[in-house]
Amino acid sequence: MVSLLFKEVHAFFSNLSAYLITSIFLVALGLIVWVFPGSSVLEYGYADLDSLFTYTPFVFIFLIPAITMGMVAEEKNTGTWELLKTSPLRSHHIILAKYLAALLLVLFALLPTLIYYFSVVQLGDPVGNIDSAGFFGSYIGLFLVAALFAAMGLFSSSLTSNQIMAFVLAVFLCFLFYGGMGALAALALGDLALFLESLGISFHFEQMGRGVIVSENLFYFLGMILTWLVLTWMLIERNG
């Protein structure tokens, strides 16, 4: 399983598009945080990184499906999926290895953004005048959002042998659960509205941004991740 994990990571970094995707991600966030009017930290007048956490999930909606779209779909298209299925690895081992590989790749893209925190710490008056609890709460939440998107992306990749279709489906699912549930909740009433809102990723992510990590939000992310991984496992077991 470890060999398969490193095979996925190596396959990603042996492709020029991997560095292009990661570079675009970091450049886009850099422009949003430091350059673009309305979101630039330099315009706020106080040490804050709200723009990073506001816009990064929307960048993730496209970045993470680009990472996961070929993890199963490409193997099906090239015929190596049958060889993988006949290996000593069980289906859940294959899914877990590919999912952990996706998390490592997301972590690789996300870690450089910590430099924004240290930069804003130095820009504060006095130095260090920043809500560190809120920042790291949001940062943990951001990683959990990425982890959930990766589970959705892996599920989408297992549905088809076409990488483009896998990408489009993953983008749709990520957008639906991040922003779509809140929009649907605004159209509903009563308990249904509360249920739809609590089902949305942004609802729990915003709560973690307050710097207080409660078990309800952690259970939501872990439960949703497990749900999508189980659905992927069921799909692979059924269709092979």
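The model is a predicted one, with local features needing pLDDT of at least 70 and side-chain atom pairs counting only at pLDDT 80 or more, while totals for chains, interfaces and linings use all residues. Residues are numbered from 1 along each chain as its sequence is written, and side-chain values use heavy atoms, leaving out hydrogens and water.

His-204 sits in helix α12 (residues 201-208); helices are DSSP runs of H or I, at least four residues, numbered from the N terminus. With a relative accessible area of 3%, His-204 is buried, the word for anything under 20%, with exposed meaning over 50% (1.4 Å probe, protein chains only). Leaving aside residues up to four places away in sequence, His-204 touches Ser-198, Glu-216, Asn-217, Tyr-220 and Phe-221, where contact means heavy atoms within 4.5 Å.

Over in helix α1, the buried residues are Leu-4, Leu-5, Glu-8, Val-9 and Phe-12. Seen down the axis, they fall within an arc of 140°, so they line one face of α1; the arc is taken from the directions from the helix axis to the C-beta atoms. Their cover includes α2 (16-34), α4 (50-68), α5 (73-78), α6 (80-85) and α7 (91-110). Turned away from that buried side are the exposed Val-2, Ser-3, Phe-6 and His-10.

Helix α6 is also where Trp-81 is found, buried at a relative accessible area of 2%.

Note on methods
Helix = DSSP H or I, 4+ residues; strand = E, 2+ residues; numbered from the N terminus.
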